[in-house]
Structures are given as structure tokens and as C-alpha cells.
Amino acid sequence: MKHRYLITPEGTKDYLFEEAVLKKRIENRLRDTFQFRGYHEVITPSLEYLDVFTKTESGIPVEQMYKLIDSKGRLMVLRPDSTMPIARLSATRLKNEKTPLRLYYHQPVFSLNPSLRGRSNEMMQTGIELIGVTNQKSDIEVLVTATKVLQDLDIDNFRIELGHIGFFHYLVSRLEIDTDTKETIRQLIENKNYPALNDILDHLDNQKIASVIKMLPRLFGNQTVFAKARDCMKELDPEITQMLDYLQTLYQSLLELGLENKITVDLGIVNHTDYYTGIVFKGYVEGYGEEILSGGRYDNLLKEFGSDLGAIGFAVNVDSAVKALLSTKQHQIASAEILVFSDQNYQVKALEHIAKLAELKITTEYSLFETMEDTLQYAKNKGIHRIDIVEEQIKTIQL
């Protein structure tokens, strides 16, 4: 048997030093951002019954979930998504609370990703859910909060891509295709794989709809996208025109808030998660290809749990945010400001000195070396510029 006690499982990793420090800093800033905007923290179990994620079309394949069996033989999973457990929570424990519910969470999700994709199987998510309101004001609030999140992480070169999942749902519902073909088309649009997408669509009977689907991944950019979309969708039902009108109104409101350089229209956003019903959006950092934020409106999900409430939210992939910041900035571990040295006769006095410095919020290390020579060398190696020598009197050496 091959022993694996020296490595982590596939799709997981250890966080060390600057990664761990940055991860904690991001988590704390996101908590502050959400709390100061009136959101309240909730925590759902890491273990959930499989039924929570299969009662409705979640878009998460069962084969990608970590599954367990409890003592009574019931099938359980490690939480692969945070929104659905919060929908369960809102429809049960919080069903008598006045709406809107402003909730935020900070917890890991688990998913078995194909090993060749290089994605993590354990991912820390922090996000919000605004539950009980279905209007433009709630959409604006959540979108502005998403931009605020990225600003609070000191990310300047970010962008939010804004779309509407209703276009995709409308179009594929008018094609006579099975579920597997629908998913293939969705993946090809998401990856902007034009040749493969055309190969499938060219063999379908409804070429009017197929020609519009071909255009979806190309409808990307600024407000000129709306004119292009109207042109290619002009022969379709008024329902799709209404979606386009709403998205344009929303986009214009964001421009008026000064976000013109941060918001991009992308009608090719076709999230894998199937519970979205309205606007969808993703957040990216320039130079880092993976999304670090994603969300959208899901007005039908809570009905599956017995509560007819509209909702919108987003999640930040904290692990991706760490990678993005490390790829764009130089983050170093802060060295101790002071190294305290003493011989055995003054150990107690040295530790009392360290305690006083800690009360002043000064980062301090106690030298564990026996000689001053070794202590000096350690300070130079660690970039510590001050040594306090504790004897009858405390002497300071500046390096």
C-alpha cells in the first residue's frame, strides 16, 4: 500500500506564511464590508443531506459531490454549494423573520473536480444573500456591494461582467434538444469555443434560434452591445426584449454611479449553476484568468424549500482572490520589529518586557539562542532591525 501521510489529497493545499496571512486579511475585510452594509452572518453544516442539492436542478453533478453515509444509511454530502443550504435555512429557521433577509457566510465548499483542470476540491467562499425582494433596487445593491468588495481588497484593475441568464434559458427552451446537448452548448458558450458551437448549432432544425445562440458569446463589451443584441433578436418574442431593456436600465444605473470603467456587458455568461433566473455576473482581476467573484438572481430556488421568496447573491472565491493578489502585488511576511535577548538569569524579566511590547501592539520575538553572536545573525537573516538586550537595564541595538 502506498503511504500518503506526507502529502495533501488532490485538489487541496497547505497555506503557508504570506498566503495564510493574506487569506486571513481578505476574510476579515470581507466580513467588515458585509457587516457595515447590514448583513448578518449565518453558518450552515459542512454535512448536508444529498436531498438539499438534488431536490431542484442545482447544476452540480452528483458525481462531483463528496458523499458519505450516516449511521442510519442516509446519503449525505460535504457541502458543494453555500446558496442552497442558505435557501433551506431561510425557508425553515428564518421563515418568520421579516424580509428582506440580509445574510452573509464564510465557509468552505467541496467539489470533486477533474484532476486535469487544476481547480481546488476545497474552496473557501465568503458571500452574501439578499432574500425576499425582487426589484431593481436589490439588484443594484448587490452589484454595488460586489464592486465594493473588490475595492476593499485593494484591487484596482478589476472588472465586473454583467449578463442575464434569461437569454440562454429562453433560447435553448425553443430547441428540440436533450439535456446533454443543452449542457454541451452551455459549456461551449462559456468557453467561447465558436467552431465547436457552430458545428452543433448548424445541425439543428430551428436555425433562427440557433443563429442568435451563435451570437451570445460575441455580445460582449460596453453599451454598444445592447444595439447589437436588439438587431439580432428583433424577430423574437417581446419577452426577450423586456430582459434586454431591464439589463440596459441596470447597466445605465451603474454608469451613473461612476462604475463605467468597472462594468462590462456579457450576454455570454451562462453559469453552470441552474438555479439562476435573472441577472448573472462575475468578477475578474486583470492578469488573472479565473473568476474570483460570481453571483446572480435566483427567484425560484426558495420555492423548492417551501418559501416563495426572490433572492440574489454572490460568492467570493477567497482562494482565487489570494492567488490573484499574489500574482499582481508583492506580499511579504512582516518580520518582528524587535528581537529580545537575555541570558538565563533574566528570562522572566525578558518575557515581562515582551508582554509590555505586545500591549503596545509591537511585534516581538524572544531570542532562543544562547549567545549574542547567534542572536545577531538570526536578526540579520530575518530582517529584524532592533535587538533589546535584557539585563539589569535594558539596552537597545539598532541594526
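**Close-up 1. Asp-70 sits in the loop between β3 (67-69) and β4 (75-78).** This is a predicted model, so treat each view here as a prediction. Asp-70 comes out as buried, because its relative accessible area is 17% and the cut-off for buried is under 20%. What does Asp-70 touch once residues up to four places away in sequence are set aside? The answer is Tyr-49 and Met-76. Tyr-49 is 21 residues from Asp-70 in sequence, and their C-alpha atoms are 9.6 Å apart in space. Have a look at the side chain of Asp-70 too: it reaches the backbone nitrogen of Lys-72 at 2.9 Å.

**Close-up 2. The open sheet has nine strands with mixed pairing.** Reading across, the order goes β1-β5-β6-β12-β11-β10-β7-β9-β8. Which strands stand at the edges? They are β1 (40-41) and β8 (220-221), and each has a single partner strand, so one side of each is left without a neighbour in the sheet. Helix α4 packs on this sheet, where it touches β5, β6 (122-131), β7, β9 (263-266), β10, β11 (288-297) and β12 (311-317). The direction of α4 makes about 10° with that of β12. Helix α10 (residues 238-256) also packs on the sheet, with β7, β9 and β10 as the strands it touches. For α10, the direction makes about 155° with that of β7.

**Close-up 3. Strands β7 (residues 158-164) and β10 (residues 279-285) run antiparallel.** Seven bridges join the two. To pick out one of the pairs, find Arg-159: its bridge partner in β10 is Tyr-284.

**Close-up 4. Thr-147 is part of helix α4 (residues 136-152).** Is Thr-147 buried or exposed? With a relative accessibility of 3%, Thr-147 falls in the buried class. Leaving out residues up to four places away in sequence, the contacts of Thr-147 are Phe-158, Ile-160, Leu-259 and Ile-263.

**Close-up 5. Strand β15 (residues 386-390) pairs with β13 and with β16.** Four of the five residues of β15 are buried, so the strand is largely enclosed by the rest of the structure. Strand β13 (residues 338-341) pairs with β15 in the parallel sense over three bridges, and Leu-339 has Ile-387 of β15 as its bridge partner. With strand β16 (residues 394-398), the pairing of β15 is antiparallel, over five bridges. Here Ile-389 has Lys-395 of β16 as its bridge partner. How many residues does the hairpin from β15 to β16 run through? Three residues make that link.

**Close-up 6. Gly-383 is in the loop between α13 (372-382) and β15.** Gly-383 counts as partly exposed, because its relative accessible area is 30%.

**Close-up 7. The peptide bond from Thr-99 to Pro-100 is cis.** Its omega is near 5°. Pro-100 itself belongs to the loop between α3 (83-91) and β5 (101-110). For background, most peptide bonds are trans, and most residues other than glycine have a negative phi.

**Close-up 8. Phe-17 and Lys-361 each have a positive phi.** Neither residue is glycine. For Phe-17 the phi value is near 50°, and the residue lies in helix α1 (residues 17-35). Phe-17 is exposed, because its relative accessible area is 55% and exposed means over 50%. Lys-361 has a phi near 65° and belongs to the loop between α12 (347-359) and β14 (364-366). Lys-361 is likewise classed as exposed, at 74% relative accessibility.

**Close-up 9. A last view is about confidence in the model.** The average pLDDT of the chain is 91, and 96% of the residues score at least 70. Which element of the chain has the lowest mean pLDDT, and which the highest? Helix α11 (residues 318-328) has the lowest at 88, while β1 has the highest at 98. Wherever pLDDT is low, predicted coordinates should not be read in detail.

Terms used:
Residues are numbered from 1 along each chain as its sequence is written. This is a predicted model: local features need pLDDT of at least 70, side-chain atom pairs count only at pLDDT 80 or more; totals for chains, interfaces and linings use all residues. Side-chain values use heavy atoms; hydrogens and water are left out. Buried means under 20% relative accessible area, exposed over 50%, partly exposed in between (1.4 Å probe, protein chains only). Contact means heavy atoms within 4.5 Å. A polar contact is a pair of N or O atoms within 3.5 Å; within protein, one must be able to donate a hydrogen and the other to accept it, and residues adjacent in sequence count only if both atoms are side-chain atoms. Two strands pair if DSSP finds at least two bridges between them. Axes are lines fitted to C-alpha atoms, for helices over the stretch in contact, and angles run from 0 to 180 degrees between N-to-C directions. pLDDT is the predictor's confidence in each residue, from 0 to 100.
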